[in-house]
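This report covers a single chain, from its overall make-up to a few selected residues. Please read it alongside the sequence and the model.

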Amino acid sequence: MFEFTRSLSKGLPSSSPGEYLLRIVKETQVLFQSQNVSNVMISDYLRKSLRSFTGASWVEVFFVEESNLLLYKTLQTTKAIPVNEDSLPGYVALSKEPQTVNNASASSFYNSFKVQFHPYVVPAKEIVQASSVACVPITKDGQCRLVLLLFNKLDENSSLCYFSEGDLCMTEALGLWAINHYDIHTYCSDLKKKLNNVKEQVEESTKLMSLGVRAIHRRNSLEKCIKVIQSEFKLTKNSIQQISQVMLCEGVIFHLFIGEVLKPIIALGMDTYDSKVLTTKTAEYSLISSKQILNISELSTEPLWDQEMQMRMKSLLACPIFSPEKEPLGCIEYFRKSTSFSPVDETFASKISEILSSLPRDNFVSSIGDKNTSDRTVGTLFKELNSFAISSHELYDYPRIFAEIRRVINNFLIVDSCAVYFANQISNVFWTQQSENCDELTQPICKDTLFGYVFFKQARVTLPDNVPVSDLSSYDKIGMIQPIISNLTLQPVIGLISVFRPHKEFSQEEQEIIEKISGKVAGLLECLWIYRNEEMHLNTQQTEETQDASPEIRFRIANSRRPHTSIHFLPEEVSELLKSSVSPQIVRSNSIYSLTSVSPTKLGEIKNMLQEMKAKPESALNILSKRLRTLVPSQASKLFIMDPHEQHLIDIANSSLAKPSGLVNLCMQTKEIICIRSGTYQHPQFDKLIDSLGGDSKVQSFLAMPIIVQDRSLGVIAFANASINFGPEELAIAEFVSIIPKDYLSNTNDNIKDIRDAIQVGRRHKMLQQWCKQVFFVANSTLNKILLVKDIMHKLYEAKNFEKLIKSGLEMLCAVINTEQAAVTYEDAGEFIEYLYKKGKIIKKSHLEDQGLLAKSLESGRPVTLESMFGKENIIVIPFVEKKMPRLLIKAYNKRDDTLSYYCSFNKEDEQILNEFATAMSISFVAHDKGESPDSLRQFIKQYASNLNNHALISTIRTASQKLLDCDRATVFIIEGKEMVVKSQGLEKEIPVDFRIPIGKGIIGNVAQTGQTENIRDVYEDPRFDPAMDKKTGYRTSTMLCMPVLDTQGKVIAALQMINKKKGFFDESDEETLVIFCEIISSALQNCSMFMHNITERSRILNILNSIGNYILVFNSEGILDYSNKSIKPLFGITKKIAVKSHYSSWLRENRELVLDITSVMQNPTKRIQKKQQKISSASFKRTRTGPGMTKSLQQSQGSDMYFHYTVASVQTFNKSETVGVVLILEDASALAELSSKLEKMQLEVQSMKSSIYGETSLQKCIQKLGAISKALGDPDTKIHLEDVIKTLKQGNLNTADIMSQMPTVQGYSNKAISEYIGLDTSIHHETFRTEELPRRGSRIMVEVIETSILTDLRDIDLDPFIIEDHFPYIKAMFQDFDLLSQMEINSDSLMNFSKLVKEHYGVWDNPFHNFYHGFNVLHATYMLLSSTQAGTFFSANEIFALFIAAFCHDLEHPGRNNTFEINRGSHLALIYNDKSVLENHHSAVTFKILQNEKCNLIEKFNVDAKKSFRKLVVASILGTDMAKHVEEITTMSSRFKDIEETPLKNSDLEGLACILIHSADLSHPCKKYDQYQKWSKKVCDEFTLQFQEEISLGLPPTEIMKDLDRPEVYYASEFGFLKFVIRPLWDCLNLWLNPHINQYIENLNENIEKYQKLKEIHPKPS
Ligand SMILES: [Zn+2]
């Protein structure tokens, strides 16, 4: 047994598994490119690669197909075992969980399976016992597709070992990889098959098409030929030429029978014309011996033929000519070079011989007498044939031709039944087909029948005349049977027209009419006759060439086949013309064939138009609409399209709507072409409003063509007053153009039911997208909240300070009930003290603002709520009264709704939470007073933090789905154990919160149990429905759509119940929509719970890390332990107390090397020593290591030595001038590794959660897993290869996978810990701690924690840019808060570079006011306005991005002087910009110059249009900051905002709104709190003073308002005026739009005005 396994293991790559895997992946790609990817191939591939990669000695691959597990093997038949718990693979396929068994023979689990599989090796077929087993299901889209069974893993030494977690990952990854490729391949080969089918059809069509064209050509040639012969009245070379064209032959010899001898008289197209050379053998045989046509298909093997002639002809047809008295006259021989002659050719030849025989004898041959030919003049029958309405190119379409003929007949005759028959003379039947869907009807041509009688009589028969046939009784009494007579065929009757009616006999006139019609039809049927017979011949040749049957029999066989009614063919020139310009849909349409009757000029016009339309698909219909009038010359024309609601016709040319009426509407309704040639305006249905098409209302001629898509009319193309006539050409063009819109209206997908559905679906998707956005917004804010709360919890454990605990409690309270502020007030020694939590800070106050409210609450002992108090939105006060003594009050302010976007009222739930908080607080106060731990508060915070559920999320989901499906009610049931719970109420509160239904009960319970969707039209007919709730509420449930929400494993986690669709029933598209929605819900719900889990895990790991991961010991320059971050006793066996009394060398002596290293650094402070995996020992180490509080990882390593990474570095004073000691940092290597892997796992989860809302593809998962494996590998070479593998995989079809980005490492945390503890410069440690195993990357979780605090800062109007050290995180956070970086595909480095350059360009002039801080301030104000008011909802992400850039850059390179100064001075800038908005133009120009820098080209990824609109908006917004436009802007926008109720804001308001926003942001510093504003105001003042001074010194006209600003009375008056008359109107204007969300600004502004007014009054101007 081990022999085999050992030999297998030789296949294992010894060098690098990564390289090997890369090779496998590449091989697979080649493999899957082959023609047929079979299950056997997949199996072999997986067996081979899994054995190599995991070291399994045997692998079985089971395909799961229709509840069977199938084993595909090359040499054996496929084995199938059922999917059930009888076998391990079956068990795994059902549970979808991988299983490993380490010791199979001893495993009761493994041995409990009835069906066992054994590992064996093919050559010996020896059964080996299973030892280690791994069984892995491969699940894709919730379906288990493969089960991989791995046996007996071998290690490098070929010893048996166990399958690891990594093996399972690898197995799953490879399995997914294979199955994905298999699916793609299957899909592709399906497509290929379809493509081939289409190709075949096209080829066949082309063949038949050329036949059709040839048939028409031949018919016309024959007609012409007869005319030529008739007119010349003798046989000439010209006549022979015509004959050769009819016969489609390359050579002709005409032999004449003169004096009992046959002589060649005329020869054409032959190699020789010498009559002495030309043989007459075959002609003689035909004329004299057989007296029949001689058809030789292969001259080279024909004994009759004189082979010495050596002519390059392949086939011959010889046709004798006899006189009417059957005397031999001569013979014509026809020759072809490449094809043979068909039976049709034979009949043509006979016909020609017949015509020739009737020629006057003198002109033909002198011995033949002067005989008259036929009574009929040849050609008279064809006179008006061309004007017949059917296009002769539609020969394939018999039913249509027949229907057309019937239509013509019905136009002239009043009959009950009418039929057209085609006489198939070879099959001897009459044949017809009433419509395409009808069966064919045949009647034998037989003298005893009515039809046969007519056929042979060759004349019309009317009933009730006495006709001697037997079947007369089966016909109606009154009828007419008209033969269709052809002059071109041998047997003149080629068809019949039969008409019957019950009452009136047919008049003479009617008989003449039918005769005339039959004459017109004859030409058509002739073409049909030629075409059809040729088609038969072609088929016979193709399929029965080798059969030894006479031509006659073959022809009959061929003729008995069904004609091809569905094959279309296209005249070549039209096909060529359109191929380049039209989509396949048009080419496929029948109407294109009508184009063959259209002139080349018109075809050219159509072609040009189609090309233009194709080039501009978005305005294609417009182009079409405009071209109509020239295509069909007319006075007016229009293209109408029905709107999706079928309410209006849209006039495409000017997008106006019209009520459907008049002839246009009639055309739509009847789906019939309307063509009126004169007097249309008198038509009763004529509506001059619509039918005059915007032209003259006296419409004479009118043409309307319905636009039909899938049997529904979607619009009309109409023409009024034709310039010439609406003739066949015009009709053909109109018909053709009427099919074009179809292509541009509907999706190219043929399967879409029709255009309206497409539009409907589009609208739904848009709506869906919006809702998705909202769901995710709420989901994100919920997550942020959880994050915040968890952070509080984390702090809670550390917080020993009671005040901090109160802060945490209030912070949590705000998060839980969505309020901005919360406060606790208590009485302490007769004085009220309040702790107010606001914007991340806690403020202790003894002076209370709203005492009245507090007193009211205290008096009543009940909650008091107030709305709109003090300009705040809402407030609630909860008293806590104990033993009739008021103990404390809890206040909360400014509650927002679940989406955090609107203020709302406090509810009962909030009251309850506040009450509980008050209780907990009160108890804690008591405890605190007694010096005990305030546990009850801690308990409360803990409880609420962990209870914070996804209530808001579910509530949004519910509302969204309800609106989306347009139904009455929607309920989300969440599965909890064996029940389903309603977590959030609907608007009608129809179902109480916490209402529970057991899984399996009722319809919804059933859905949860089976995972199947239920769409019920009447629930009362469903026995599962429980009407109890309806009875209780009086509501009547009728329609219901229930759908399960599945998690990624396919487990039901929730169910949606939609009730009572407002219109009709829930349909398929509702189901489709809900499916998408369920996916989103699933991902959102799962993310939410996963996030919770991650947060907990994160703080746990951080705690562990801080507690055991690092020992930090600092020794002073004396070598005495100065600091340690934790007890060193567990490690060194010595307490700190003792350690500080002696030199390190004494108690570290066990670790000689470490002592030497510390000493070395002591002596040489620039040195830094770093060592890995160092053994650390202590004399008492082992004895003391197992104390309480030890972590698992430490305990595990008990008994062996402890290994640490350590770093020794010197500790220097802040300015690095002096060394004050040495720091020793020890890292527990094993704990670090373990933590590192845990963190990575977590991070992967967080990332997968962050991935696209539509979930991940299995390939992405596969890549993720490979990524994780790559991380776990130690060998850098392998890693590089594995990264290559991942890259290769990614190139497949992924573009968004950001799997490898930003992993957190333990390193990041340890650095943070170190910097927190001893304040070391962590940048040093970035270097010192860099290790191979732990590559340093940014930490995502950390970034998010920071962002939360930054976001809190950013929400403050009064954020002071001067106290921010590093502005970039704030800038980035503002962009990120709107998700702009990811949406605009901007990496954070570019933004950083951009910000740096912006800062540089602001710094050019070192202005007091117009500097970088002002730029940042305006950006922040813009961010605030967009994020906290409805302004943000108006702009798109691109536009918000443009506004941010405009705000940030609006004063770049500001010289600190105003425009007037620049102009007066005639500065360079003033010259460039011609004194117009000089500075603003410059700021804008600099902005775009910076954006050109490749290191910070933020708009690099924008497409041309996006760049254009970005630039437009930025330029407009910056130019809008010119104070010269101030008044104008306010006036315009104020009047616009006053109209806002009547005419809501729309796109055309974009620039106006952008300007007023940026301008207000630019002037927002007066809306900050007084002290902030004062600061800014002083700076402006300084800048102005500088300008004034410079004006004086340069001799420029001084700006008066800048004068004497250092004098208080001037300054205060000027500032007061500025605020009241410049700033106030601007913000009042903005307030018209954004009220009440900018109340804070207005309030501050008013306060500032008041303050300055007072100051102004204190400092009056000297009179
Ligand atoms: Zn500015």
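## Secondary structure and basis

The chain has 57 helices and 43 strands. Helices (H or I, at least four residues) and strands (E, at least two) are DSSP runs, numbered from the N terminus.

This is a predicted model, in which local features need pLDDT of at least 70, side-chain atom pairs count only at pLDDT 80 or more, and totals for chains, interfaces and linings use all residues. Residues are numbered from 1 along each chain as its sequence is written, and side-chain values use heavy atoms, with hydrogens and water left out.

## Burial, surface and contacts

Of the chain's 1663 residues, 52% count as buried. Buried means under 20% relative accessible area, exposed over 50%, and partly exposed in between (1.4 Å probe, protein chains only).

## Ser-244

Ser-244 lies in helix H7 (residues 237-247). Ser-244 counts as buried because its relative accessible area is 12%. Leaving aside residues up to four places away in sequence, Ser-244 touches Cys-249 and Val-252.

## Glu-831

Glu-831 belongs to strand E28 (residues 831-838). With a relative accessible area of 42%, Glu-831 is partly exposed.

Notes. Contact means heavy atoms within 4.5 Å.
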